[in-house]
Amino acid sequence: MEKYLPNIFFALILIAGIGYFTMNVRKLIRNIKLGKDIDRNDRKPERFKNMAKIALGQYKMVRRPLSGILHIIVYVGFILINIELLEIVIDGLFGTHRVFQPVLGDAIYGFLIGNFEVLAALVLVAVIIFWLRRNVEKVKRFWNKEMTGWPKKDGNIILYFEMVLMSLFLIMNATDIHFQEAGVGNVISQFIAPWFDGYSAETIHAIEKTAWWLHIVGILIFLNYLYFSKHLHILLAFPNTYFANLNPKGQFTNLEAVTKEVKMMMDPDADPYAMPEEGAEDEVPEKFGASDVTDLNWVQLMNAYTCTECGRCTSSCPANLTGKELSPRAIMMKTRDRLEEVGKNIDANGGEFKDDGKQLLNDYISPEELWACTSCNACVQECPIGIDPLSIIMDMRRYLVMEESAAPQELNMMMTNIENNGAPWQYSQQDRLNWKDEN
Amino acid sequence: MNVPTMAEMMAQGKQPEVLFWVGAAGSYDDRAKKITRAFVKILQMANVDFAVLGTEESSTGDAAKRAGNEFLFQMQAMTNIEVLNAYEVKTIVTCDPHSFNTFKNEYPGLGGKYEVYHHTQFISKLITDNRLTIDDVNLKGKRLTYHDPCYLGRANDVYETPRELIRRLGVKMTEMKRHKSTALCCGAGGAQMFKEPEKGDKDINVLRTEDALETNPQIIATGCPYCNTMMTDGVKFKEKEAQIEVKDIAELIAEANNL
């Protein structure tokens with residue numbers, strides 16, 4: 001029995017790790033579904049192509065070449081090295097050691113592990129450069145005002161995780177005496193192995209076992225860290241690019257509820273004194289625009305969870321570049337924070353949201369931020385994984401104007417002019433053609 | 001200038017090839033009216049059978065929509081669609097990328113389906129159809145940089161057409177560091193044109209003008225009346241108006257062709 005203790009222990013932490021993660025994924029999906037419905041199931045081939053190109057193919061990452069290429073190294077390393085995870089799980093559950101080595105044969109196994117080792121070393125280098133860019137070079141977009149406290153720490157914790165995991169993987173291989181003696185696939189670890197030359201065989205074995213366990217436990221902790229971190233993008237980038245807007249970026253939605261009302265207003269046959277239809281008086285009139293996360297659609301909420309706070313949007317935002325309050329990244333972060341708060345409220349109140357007197361507007365996002373936007377689409381263009389901060393800004397402006405009549409005074413004047421004389425300025429419509437006789 | 005209206009055309013039983021949507025800036029703003037007139041001269045030179053709505057033209061509602069007033073936008077849109085459909089308009093050309101965008105992308109969902117051209121696209125088509133040529137003598141060798149309007153560029157991915165026209169002018173074009181899909185907004189979009197900017201440390205049009213000044217231009221070209229205003233103000237702010245002109249592509253073509 002005692003012999004199987006490690007196997008049982010391994011199975012238990014595996015179940016705990018995956019179980020807790022599954023629980024949080026369900027919470028994540030529940031929260032995203034708090035958003036309004038929007039049909040993004042059309043044009044499937046185009047959607048798959050987008051996902052393949054932007055998420056799988058990292059097509060937009062290289063718009064900024066240095067961080068783009070470094071990111072691709074980490075991304076490819078992450079995906080490929082995780083193939084090794086399969087072997088680790090089998091070894092852990094059944095007490096085997098490098099179970100694939102005899103199955104695949106030395107040549108293939110050595111080739112695979114050798115590649116993993118090279119990737120691990122490259123990832124380590126890339127991640128160290130990332131850390132230097134954040135903390136030493138202090139690239140401006142990592143030091144905006146929203147990047148203090150947890151978001152700043154989060155960024156670094158992820159990098160430490162990756163550094164430790166990659167190091168453990170290499171140390172685990174370096175201290176595997178049989179693996180080193182066989183000499184297949186120890187492309188990088190052969191240079192680390194001599195560090196342990198002075199130790200006894202038992203000590204080296206103990207280091208190997210420790211590295212092996214820390215590596216797998218570290219991976220499970222990292223997996224469970226995702227839900228609490230900006231790092232969720234490694235999963236959500238895929239659905240996020242699949243369900244992204246495919247229309248021209250300049251095309252804003254035409255609110256259907258408004259269309260109905262405008263059509264009724266313009267219908268010469270409509271009876272203004274008509275009784276509402278049976279049952280219609282019980283219907284809650286639809287709210288125009290968004291003042292809280294539940295007024296946004298589920299794609300916008302998924303966007304918020306997907307954002308990895310890289311700040312490419314904010315660093316190209318004309319308002320932010322000129323010192324205004326608005327930061328498209330902060331719009332996404334605040335949306336996620338509020339959504340998390342609403343989710344926790346639901347959890348605490350037995351599945352029902354209990355009014356907490358707060359909302360996304362004012363409590364998180366100020367009108368000053370919203371009114372600073374030029375709707376130029378630079379943020380949407382720059383996002384490497386198809387997040388659309390502009391749509392949230394627009395939906396919230398709609399709420400401010402149509403529900404609260406809270407537009408800036410000059411915009412109210414502009415709109416009054418459009419209503420009265422069909423132009424944003426106070427000129428008579430009769431003068432529309434004056435230009436043809438002027439010089 | 002002889003500019004027929006749709007009403008006059010209809011009275012004569014004629015249907016023009018294209019409706020020129022002048023837009024609010026093009027109709028009322030003194031600077032933008034020059035762009036309007038330049039474009040009309042080009043249309044006339046190419047013998048394009050066009051008409052305008054004149055006093056029947058109204059706001060597209062675009063500025064109201066970007067400001068968040070979907071009601072006002074849809075009221076304007078549906079009223080305009082009634083007028084346009086009554087005249088059986090099939091093709092629209094406009095010098096304003098904001099009108100272009102809303103006609104092309106947002107009117108169809110409300111029942112207004114037209115073939116829509118930005119004026120640079122229309123001029124390009126005139127050249128392709130051998131109805132217009134651009135003379136490359138008058139502006140030869142002038143240093144020029146082109147500012148991408150957001151609602152033409154990122155919003156609708158029109159980057160090359162305006163540049164192809166510029167190349168025909170014989171000028172020496174230098175791109176700004178931020179150009180095409182990375183171009184910086186002039187600061188007028190999203191209804192900012194009609195309000196004071198929020199508190200900050202700089203105005204967006206000044207920042208964009210600085211982008212342009214780095215290329216040491218004699219001409220800053222653009223394809224939007226609002227960008228034109230913003231860049232003109234930026235050049236004045238930098239006290240460079242003696243050395244640098246801000247011009248619409250239509251004006252440059254008119255100048256090149258001695259119109």
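The model is predicted. Chain B holds an open sheet of four strands with parallel pairing. The contact between the chains takes 58 residues from chain B and 58 residues from chain A. In chain A, α10(A) packs with α12(A) at about 150 degrees, while α1(A) and α9(A) cross at roughly 15 degrees.

**The sheet in chain B**

- The strand order is β2-β1-β3-β4 in chain B.
- The edges are taken by β2 (50-51) and β4 (115-118) of chain B. Each has a single partner strand, so one side of each lacks a neighbour in the sheet.
- Helix α6 of chain B, residues 97-106, packs on this sheet. It touches β1, β3 (91-94) and β4 of chain B. The direction of α6(B) makes about 160 degrees with that of β4(B).
- Strand β1 of chain B, residues 18-21, runs parallel to β2(B), and two bridges join them.
- V18(B) has F50(B) as its bridge partner in β2(B).
- Helix α7 of chain B, residues 119-128, lies across β3 and β4 of chain B. It runs at about 95 degrees to β4(B).

**The contact between chains A and B**

- Each chain gives 58 residues to the contact.
- Six helices of chain B each supply at least two residues of the side that touches chain A: α2 (23-28), α3 (30-45), α4 (62-66), α5 (70-86), α6 and α9 (204-213).
- The most comes from α5(B), with seven residues.
- By class, the side of chain B that touches chain A has 22 nonpolar, 22 polar and 14 charged residues.

**Helices α10 and α12 of chain A**

- Helix α10 of chain A spans residues 233-242, and helix α12 of chain A spans residues 298-306. Their axes are 9 Å apart.
- An angle of about 150 degrees makes α10(A) roughly antiparallel to α12(A), because angles over 145 degrees count as such.
- The crossing of α10(A) and α12(A) is left-handed.
- From α10(A), the residues in contact are H233(A), L236(A), A237(A), P239(A) and N240(A). They meet M302(A), N303(A), Y305(A) and T306(A) in α12(A).
- This contact of α10(A) with α12(A) has five nonpolar, four polar and no charged residues.

**Helices α1 and α9 of chain A**

- The axes of α1 (residues 5-32) and α9 (residues 201-225) of chain A come within 9 Å.
- These two helices, α1(A) and α9(A), are therefore roughly parallel to each other.
- Their crossing is left-handed.
- I13(A), G17(A), Y20(A) and F21(A) of α1(A) meet V217(A), L220(A), L223(A) and N224(A) of α9(A).
- The contact of α1(A) with α9(A) has six nonpolar, two polar and no charged residues.

**Spans from UniProt**

- An unreviewed UniProt entry lists "domain: Cysteine-rich" for residues 28-101 and 145-231 of chain B.
- Residues 28-101 of chain B are 59% helix and 8% strand, with end C-alpha atoms 20 Å apart.
- Residues 145-231 of chain B are 29% helix and 9% strand, with end C-alpha atoms 12 Å apart.
- For chain A, an unreviewed UniProt entry lists "transmembrane region" at residues 6-23, 68-88, 108-132, 157-175 and 210-228.
- Residues 6-23 of chain A are 100% helix and 0% strand, and the end C-alpha atoms are 25 Å apart.
- Residues 157-175 of chain A are 95% helix and 0% strand, and the end C-alpha atoms lie 26 Å apart.

Terms used: Residues numbered from 1 in each chain as written. Chains lettered and ligands numbered in written order. Predicted model: local features only at pLDDT ≥ 70, side-chain atom pairs only at ≥ 80, totals over all residues. Pairing = 2+ DSSP bridges. Contact = placed C-beta atoms within 7 Å. Axes fitted to C-alpha atoms, helices over the stretch in contact; angles between N-to-C directions. Nonpolar A, V, L, I, M, F, W, Y, C, P; charged D, E, K, R; others polar. Parallel < 35°, antiparallel > 145°, perpendicular 65-115°, else oblique. Left-handed = near helix turned anticlockwise from the far one by under 90°. UniProt positions renumbered as here; feature names shortened; annotations may be inferred.
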